[in-house]
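Here is a briefing for a reader who is meeting this structure for the first time. Please look at the sequence and the model together, and then follow the notes below topic by topic.

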Amino acid sequence: MPRCRVNGCANARAGHSHLCSKHRSRKRRQSHEEQRTVSKADLKPFIEMVQARIAKQPDAKLWSICDQRWEVLIRDWRSQPPKTIFRFVRASTNELLQLANTVSGRDVAITVIAMYLL
Ligand SMILES: [Zn+2]
């Protein structure tokens, strides 16, 4: 029985794929078969780095610009969601609008910068 093409994986291929079902699923979700989900624990040290930077320079323009851009984006989307035929754009817009109900723009900026640093 042919094996998964990922190094170190002894699982059998799933169907006609070169990957086992686990790595095929990862490829579908993460765009690469060896990319695992980024957890909060993975991101924590990078979030702390960003928070330390903000604490070091609390009056830097970047933070207020990030806050303002988020507020403008959400306000515009709430009044008129982007018109598109692409389902994934509509879905991501809805997800971001829901996110805006629970977290601040600053939290979003911190997470995005932490993801970049990761
Ligand atoms: Zn595999």
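T93 lies in helix α4, and with a relative accessibility of 4%, under the 20% cut-off, this residue counts as buried. When residues up to four places away in sequence are left aside, T93 touches W77 and P82.

**Confidence of the predicted model**

- The mean pLDDT of the chain is 93, and 100% of its residues reach 70 or more.
- Helix α4, which covers residues 87-102, has the lowest mean pLDDT among the elements of the chain, at 92, while α2 has the highest, at 96.

**Domains**

- The domain assignment of the chain gives two entries, with domain 1 covering 1-37 and domain 2 covering 40-117.
- The centres of domain 1 and domain 2, taken over C-alpha atoms, are separated by 32 Å.

- How many salt bridges does the structure hold? There are four in the structure, and the pairs described here and under the next heading are among them.
- E33 forms a salt bridge with R5, in which the closest N and O atoms are 3.1 Å apart. Because E33 lies in the loop between α1 and α2 while R5 lies in the segment before α1, this pair ties together parts that are 28 residues apart in sequence.
- K27 also forms a salt bridge with E33, and here the closest N and O atoms are 3.7 Å apart.
- Is E33 buried or exposed? E33 counts as buried, because its relative accessibility is 9%, which is under the cut-off of 20%.

- The side chains of D67 and R106 meet in a salt bridge, with a distance of 2.8 Å from N to O. This pair links distant parts of the chain, with D67 in helix α3 and R106 in helix α5, 39 residues apart.
- D67 is buried, because its relative accessible area is 18%, whereas R106 counts as partly exposed because its relative accessibility is 26%.

- The phi of S31 is near 75 degrees, which is a positive value in a residue other than glycine. Most residues other than glycine have a negative phi.

**A nonpolar patch on the surface**

- Which residues form a nonpolar patch on the surface? The patch is formed by V38, M115 and L118, which together have about 230 Å² of accessible area.
- One of these residues, L118, lies in the segment after α5, a helix that spans 105-117. L118 counts as partly exposed, because its relative accessibility is 44%.

**Separations in sequence and in space**

- K61 is found in helix α3, which covers residues 61-79, and K61 counts as exposed because its relative accessibility is 66%.
- K61 and R26 are 35 residues apart in sequence, and their C-alpha atoms are 39 Å apart in space.
- R5 and I113 are 108 residues apart in sequence, and the distance between them in space, from C-alpha to C-alpha, is 33 Å.

Terms used
Residues are numbered from 1 along each chain as its sequence is written. This is a predicted model: local features need pLDDT of at least 70, side-chain atom pairs count only at pLDDT 80 or more; totals for chains, interfaces and linings use all residues. Side-chain values use heavy atoms; hydrogens and water are left out. pLDDT is the predictor's confidence in each residue, from 0 to 100. Helices (H or I, at least four residues) and strands (E, at least two) are DSSP runs, numbered from the N terminus. Patches are made of residues with over 30% relative accessible area and no salt bridge: like charges are joined within 9 Å, nonpolar side chains (Val, Leu, Ile, Met, Phe, Trp, Tyr) within 5 Å. Accessible areas come from the Shrake-Rupley method with a 1.4 Å probe; for residues, only the protein chains shown count as cover. Buried means under 20% relative accessible area, exposed over 50%, partly exposed in between (1.4 Å probe, protein chains only). Domain bounds come from an automatic or database domain assignment. Contact means heavy atoms within 4.5 Å.
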